[in-house]
Structures are given as C-alpha cells and as structure tokens.
Amino acid sequence: MDFPILTVMMLVPLAGAIACLFAGEGSRLIALLSTLATFALGVLLWINFDNDGAQWQFTERYELVAGFNYALGIDGIALMLIMLSVFLMPICILASWEAIQKRVGEYMAAFLFMEVLMIGTFAAQDIFLFYIMFEAGLIPMYLIIGVWGGDNRIYASYKFFLYTLLGSVLMLVAMFWMVATAGTSDIPTLMQYNFPVGAQTWLWLAFFASFAVKVPMWPFHTWLPDAHVQAPTAGSVILAGVLLKLGGYGFIRFSLPMFPVASAEFAWLVFALSMVAVVYTSLVALVQADMKKLIAYSSVAHMAIVTVGLFAFNVQGLEGAIIIMLSHGLVSGALFLCVGVIYDRLHTREIDRYGGLSINMPYYAVFFLLFTMASIGLPGTSGFVGEFLSLAGIYQVSTWVALVCTTGIILGAAYMLYLYRRVAFGAQKNEDAAAMGDITAREWAMMAPIAAVVMWMGVYPESFLAPMREDIKALDARLVLAAPESDSQLVVGAPKESAANAVAAPEGYEGEGAH
Amino acid sequence: MLDLANSFDLIIPELILTGAGLLLLLVAAWGGDQLSRPIAILAATALFGAGIALVPDLHFGTDGPQTLAFNGLLRVDSFALFAKAMIYLAAIGALIIAPAFFASPAAGEERGMRAEYPILIIFASVGMSIMVSASDFMALYLGLELNSLAAYVLAAILRKDDRSAEAGLKYFVLGALASGILLYGMSLLYGFTGGTDFATVRAGLEGDLAYGPLFGLIFVMAGLAFKIAAVPFHMWTPDVYEGAPTPVTAFFATAPKVAAVALTARVVFDVFGGQVLAWQQIVMFAALASIVFGALGAIGQENLKRLLAYSSINNVGFILLGLAVADQAGASAMLIYLFIYVAMSLGSFTALLMLRGDDGDLFETFGDIKGLAVTQPALAWCLLLFMFSLAGIPPLLGFYSKFVVFQATVEAGLVVFAAIAIAASVIGAFYYIKFVKVMFFDEPAELVTGKSGMAHWVLLALTALIISPLGYLLTPSLTDLADKAARSLFFTI
C-alpha cells in the first residue's frame, strides 16, 4: 500500500479543525465538508480492504526516537469501528448545525480533533501511540461537555475527565511493564506474546481499570449518565456511538489476546458485573423521567451484553459483541438524535412534557419507532443480530449468565416501549409539544442514513461480518487454550437409526402399495 | 600553570557572567535606575553569550578527568553543562518578562525596574553554575549561598510592598535554616570521612554505613530537599511564590529549581553513589509525598501564583521519581522532565503576567480570569495547553516528560511505586482542569482587557510551541543531550 490512506484520513479532519478554529461562522461548512471527505476516504478504505488478505492491512510505519513508533494499520475489527466513527461524524455536525450558536468555530474544531483521535485510536499499531490517541480524546470531550453542555455541565465534565483519567493511568504503567518485558511496543507482536501467567493477572486488572470505565461496566458507569445528559446532542452521539466502543475495542485488542489466561480467570468477574448491569441499569432506566438519562442507562445495559459476549471465548460471542457495538453505536446515536430533534424545539428532555407526537410529527415518530425497535432487538434490525449471536455465544459457556442477560431484552422492551408510548402515543397533553413541526430536511439527512444502515445490518449482517471473520477466527484460536469449560455440556449424540415417530410395522404388514 | 589555564578554560561561562555582573554593577551605580533597560539587555546578552560558550562541549559530550577544574573543586561535565544551559535560558526568560511587570501598577509605589534586578539575576546564575558543577562540598556551599543571597534580595526587590518584603524575609530565614542543616550534615560527613571533596567522602562511605555518616547523609538530604521544595520541606514555597514579584517567581520556579535538582542528583550519585539504599528510600518518600501534597494543597487555592507554587511542588515529586530510580535511565528521564518543566513553568508564568487590565494592572486570582476564552482567546488557549501539559495529558509534551520518568521507574522494577505515583497524579489533574473550567466554562468577568507587549507574546508562543505536539520534534536531540549528561553523571573518577 503506497498511498498512506490512514494518515490522510487523520490529516483531513486535522486540517479542517485548524481551519475551523479561525473560521467562526463559516466553520460549519468546513466541518461538514471535511467530515464528508473523511467518510469518502473511509468508504474507499472499506472497498480496498481485502477480506481474505493479510490480517493487518494499510500498514504505515515510521520510527520515532521518542520511545515509540508511528505505526498504523487495521484489521477488520478496526475497519468496522473506523467506519462507524467516520459515518457518525457528518451526522454529528449536522445535528449541531443550528443547536450550537456560541463559539461555533471552537466547537467544530473540537469535534474534528475528536475524529482524528478516534481514527488514530482504532488504527494505532503501537501501544503507546494507542495510549496517546486514547487519552488525548479527553481534552476535546471535556471542552465539548463543559462549554456547550447543559446546566450541570461542570460537574459532569469534571466527573468524566477524572474518572476516565484515573482509569487509564494504571494502564500506562502496565504498558511500560509489558514493553520492557516483551521488548517491543508493536501491538501485533504483543498480541502473540505470552506474558508470564502470574503477571497477566495484574496486567489484566490494570487494563480492566481503564476499559471498564470506558465501556462502562457497572459499578464504574456513574460518569456516563451525567456526561450524556449534560453533553450537547452531538456530544452524546459521539460518546455513545464511538467513545464507549473504545472500551470494548480495548478488550478485543489488548485484554483478550494479550492476557488470555487472566481473561479466563476473570471471566466470572466480567459475567457477574455484566449480569448486575443488565438487570440493574435496565430497572433504573425504567424509572427515568429524563429521556437522555434513560438512553444512557440503556447503553450501560447493552454494553454489558457486549462484555458478556467478549468473554464467552467463542466465535459467536465475539462476533455478536462486535455487531452489538456497531449496532449500538448507530442506534443509541440515533436515539440521542431523536431526543435532540425534539429538544431543539422545546428545550426540555422531560418525558412528561411530550405526548402524542405521532399526530403532529408522523415522520419523526416512524424514525423514532424504528430506532426503538432496533434498540430492543427486533428481528430485521441490527440489534437483533448482535444480541442473538452474543447470547448464543454465552449460552455455550454458562446457561445462567445467558438466562440473566436475556432478561435484559425483555426489560429493554419494557423501558423503550414505555418511553415511546409516553412520547409518541397518547393524547397531545401539552400545547407547545403539539405545535411542533415535523422533521426538516436537515434532520431527514441525519436520520435516514442511520435508519438505512440499521436495516442493512439487520437483514444482511454478512457485509459487516465478512471483513472481521478471519480476525475473529485468529482471536478465537488464540483464546481456545484458555477458554473456560461450559456448564451446559452440550454433546453431540449419536443419531437414532430411525425417525423419532417411526412405528414398528405389524407382523405381516408389507406396507402400502405392496400389492 | 597549564592546569590553571585548563581550569579557567572550563569556567569560561562563569567568567563571562562574573565579569558582566561586576561591570554592570558599576554601570548601575553610575547611571542609576534609568539605565535599567540597557542593563537588562546587556545582562541577557551576557547570559546568552555564556550559553553559547557551553554549546561545543554540550554537543559533543564531555566526561572523565579532563572535566575537573581547580584540583577537583569543580567538575564541568555534560551534566553540569546541560543544567547550566537550562539555567541560563530560564534566567533570560526572567529578564524578558520583568520590565513590563515593574512598569505596571502591580509593582506598587516603585514603578520601573530597578537596575539591580538584572545584576542580581546574573549573580544568582553564577551561583547556580557553581552549584551544578560543584565537586566539593565547599564549592557546593559557595555556589548555593551566592545563589541564595541573590535570591533573597530578588524576592524582596519591591521594598515598599508588604507581600514582597514578607516573602523576602521568609525566604531568608527559612533558607538560612536550610543552609544550616546542610552545613551541619556536611560537617558530619567531613568529620567521619576526613574530606570535603566528593571523591574522598565517597571513598570514606564505602562499606556498611555507620550512624554518624548516616546522620550526615540525612541532614544533607534534608537541606537539599529544602532547596528543591520537596515535601516535607516545602512550606516556604507557596508564601514566597505568592509574595515575590511575578517575574521573580517565574525565575524561582525555573532556574534555581534546575540548579537544586541537579545539585541533588550530583550529591546522591557522586557522594552517596555507594550507598544507594540509604538515600533511595528518602527520595522515594519525598517524591510520593510531594506528588500527593503538592496536588492536595493546590486544590483549595484561589490565587494563581500560589497554585502554581503547589504545582511546582507536585512537579518536583515527579522529578524526584526519576532520581529515585537511581540509574542512568532515571537520571536522563529526570533531565528531560526538568527541561519540559522549565518550558511549561516559564510559559504559565508569562501567561500570568499577561493577565492585565486596561490600566495595565495585573490579575492573579481565579475570579479574575473567568471566561478568559471569550475576552482573550489566544491567551486562554495557550494557558489551556500549559495546564493540560502540566497535568500530563497527551499529546502535549508534558505527557512525554511523565512518560519517560514512569518508563524509567517501571523498567527499574519499581512497579508498585510507579503505580501509586501515577494514581496520585490524577489528583493534580483536578486543579489543572479547574483552570480550563474557569477560563472556558464560566461567564466572562471582562476584567482582563489590556494588551500585552511583543516580548511576552513571543515568549508565550515559543514555550507553547515547545509543549505542543510539535515539541516531539525536539525529543531526539533532547534525549541525546540528556543521555550524555546522565552518562557523565555516572562517570566516577
């Protein structure tokens, strides 16, 4: 690969960000164009990605003297997550088109910086480069929440920043140790390196501290509802859509392949936390009066199914987890956009202030319904594919975990349908809510692409699974030795000689047509 | 005779500075305060010239016996040169930012820079030069006191300002106490080992450490901890930093810090090089305590200078982390950290000096910089970079300084120590991001409306450029120099 497409994909938004800083009002257009250009490059990347080719493609490598290398390269998993980021980004810019009126240039610049760092995080092939990209995202996100957020934004931004920072610094110490032991900071090499079993425990815990906060797993999730609720709409979309995926991606890229033994040892911990998360946060979501908070809690529940799938140590579980990550990125992003659409009109997120929106905003109601169903996991939408695979994966390991986690789908249906009923159906009890106009062309442009991809992923997930198949197989091969034994003990029995409903023929009976 | 010529050859920078200092003192006595500006320019030129004189040896690296001057009183090796380069640069910075401050109403009744200010900076720099190249307790003490006496006067240079006078007095009393402790430790070591030069003392400390020399070691370490403002000997720092005129504070936070840290490194590796276990735990404790108390102390502060004082205590903790590693990689990391710390401190203090109102008066509390991002976006963005850099958030260069220090710590096997220190560093992030919160999230107070001079902007832009991600371009040569310096530090003669 001669054309350094990954670097260019980072340079385009970077140039856009610097231009936005100085452009003021014109920055909206600059931001939109540069995100669209990046998306176009992303499409090019996907087209040129060889599903059966080498594991790491589009690699770039420059030696730096600073103790780490500028090394980029992607596998199928990273490709999909990069696609998710570059796909959501233009939509975020559109979502902020009118909602953001103060300091537009700085706002757009922060988003474009965010995009650079997200692409960098997924594409980094050097462990320290990964850390830099991973951690640097704190700065723009802190500003986005703090400057353009809601009333309680300062508390939320502090909590977000300090929580995530505390999680990641221990990971840095672990990285130093790993690099000192393995003698390289190259991620693909480290993924094949067998660290001493005793050390794996500690390393796993250090990485877990970082990723569990990012995912977030119960009980480290408390920053998420605050950050989501206070962030501007587009900020929530990016948080839910991409930043949460960094945690899951971290598990796939680091914890599982680098510390397989410790991962197996701690699988029970992940299962326990995930089971609590599924049930508890779903119940919490049920009683929320604030729409964004409800969706934020539902994110925690969905991400718990991701972690369960990841630690199932089998192909279904891993595939399911990644598909949920992609699906959740789209769906929860879209749900936040739905909230944003009506928030822009009425400036409240309180569920009780709305009602009967399907009467005056029919198109909006259709989109909202689609995304609600996708969030529940209705067959035909992306949510179904992911949750089915993930739960099928975990069933092979533990029927109990599968049982508890499946209640998440029922509870998910409960809180999402309850939300939808209160917002879209029923009487139009508030005059101002009843007077709101339906979605505009700009909002169509935000919703329609996501809706299309959600359906696509639901009906033909193969497009998204194909690039990752080989990578997941490789990961599964690495994990197979450490995989915990299943409790359901599925055994393939010997087939019976005759059909189950076969009746022994009476004596002398020669059967029909013997005559 | 040849030996003497060699020795003088080695101390050319000090000779330049001493000559310039004495000459300018005469000029000042003759011409008075109206000549303060040309004197400052000449002083900066002298410092620059002294810095240029360092370049060849710094570039090629120098260690071994040929670096000894005056029969082993001084040791002008790469390590000393590296520290001197930083000291001179910081001193030039302190000269550049001073005139505008002394011309502002913040200077109180005595408007205008006094002619003694640049001269005192020069003498302090000479003292620091001697400190970092000392290879004998006598030379060490001589340099330390030359620097300290100049510094006491600098702290109190606004004679009619109560805070400045208080700062000077506090600094003097506590500094004298610290010097006393240090002297006592040195005399114990002399008594037990029979020499004052580092090589003799080191030889005398071989083998099991008896209680007597151990006391000497502890007293010396305590005195040095005082000078670098490491916990538990840090109490003077917030008061002195807050009370002293801001350019002087900027100077204190940079040059003497470099000198004292370099001196400490020299003493522990050279004098106590055979007794690593004896001092390592002291340094480890001081490092952790400085990181934690520097961070906790800063949280409640409203005054920005005071906050930066705690921040400097916090940073000393990280610097000592590199020292506690007690190997060449750690020393090199420590020097890299020092360089980046100097750039960050100089930049933040310059930004502080640019917070001026319409009448040129200076602001220095959080309340004054509310909403700075709206009224002075360029300044606010630079401060944002400095604060995130001080907090060690990538991709700013402040992250790299923490990166090298922690890498050295982990590679030396001190994993738990590193984990505790890095977790404690998160506490520090709290008040650094408070800076950003006040400037970016709060409603504008519209106080900072005045314009700043060109010199400030240039210095701010330069330091901001160094700590920006572009600063990584500097790291190869910085690492090279720091490695050479660290190697020469470990060269025992």
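**Salt bridges and their surroundings**

Modeller: Over all chains, a search of the whole structure finds 27 salt bridges, each being a side-chain nitrogen of Lys or Arg within 4 Å of a carboxyl oxygen of Asp or Glu. This is a predicted model, in which local features need pLDDT of at least 70 and side-chain atom pairs count only at pLDDT 80 or more, while totals for chains, interfaces and linings use all residues. Residues are numbered from 1 along each chain as its sequence is written, chains are lettered from A and ligands numbered from 1 in the order in which they are written, and side-chain values use heavy atoms, with hydrogens and water left out.

In chain A, D75(A) pairs with R253(A), with 2.7 Å between the closest N and O atoms. D75(A) sits in the loop between β2 (70–74) and α3 (76–95), and R253(A) in helix α11 (residues 233–258), so this bridge ties together parts of chain A that are 178 residues apart in sequence. Helices here are DSSP runs of H or I with at least four residues, strands are runs of E with at least two, and both are numbered from the N terminus. D75(A) has a relative accessibility of 1% and therefore counts as buried; R253(A), at 2%, is buried as well. The classes are buried under 20% relative accessible area, exposed over 50%, and partly exposed in between, with a 1.4 Å probe and protein chains only.

A further bridge joins the side chains of E443(A) and R345(A) at 2.9 Å, N to O. Since E443(A) lies in helix α21 (residues 441–459) and R345(A) in helix α15 (residues 315–346), the pair ties together parts of chain A that are 98 residues apart in sequence. E443(A) is buried because its relative accessibility is 3%, whereas R345(A), at 25%, counts as partly exposed.

R353(A) and D432(A) also form a salt bridge, the closest N and O atoms being 2.9 Å apart. This pair links distant parts of the chain, 79 residues apart: R353(A) is in the loop between α15 and α16 (357–360), and D432(A) is in helix α20 (residues 431–434) of chain A. Both partners count as partly exposed, R353(A) with a relative accessible area of 28% and D432(A) with 35%.

In chain B, salt bridges link R163(B), E166(B), K170(B), D239(B), E242(B), K305(B), R306(B) and E364(B) in a network. Leaving aside residues up to four places away in sequence, D270(B) touches R75(B), F198(B), R202(B) and A265(B), where contact means heavy atoms within 4.5 Å.

How many salt bridges are there between chain B and chain A? The count is zero, and four residue pairs are in polar contact across the two chains, both residues at pLDDT 80 or more. On chain B, the side that touches chain A draws at least two residues from each of α15 (372–375), α16 (377–391), α17 (397–411), α18 (415–441) and α20 (475–489). Its largest share, 14 residues, comes from α18(B). By class, this side of chain B has 28 nonpolar, two polar and four charged residues; Ala, Val, Leu, Ile, Met, Phe, Trp, Tyr, Cys and Pro count as nonpolar, Asp, Glu, Lys and Arg as charged, and the others, Gly among them, as polar. The contact as a whole takes 34 residues from chain B and 31 from chain A. Together the chains bury about 3,100 Å², 83% of it on carbon and sulfur atoms, buried area being the accessible area (1.4 Å probe) that two parts lose on being put together, summed over both.

Terms used. A polar contact is a pair of N or O atoms within 3.5 Å; within protein, one must be able to donate a hydrogen and the other to accept it, and residues adjacent in sequence count only if both atoms are side-chain atoms.
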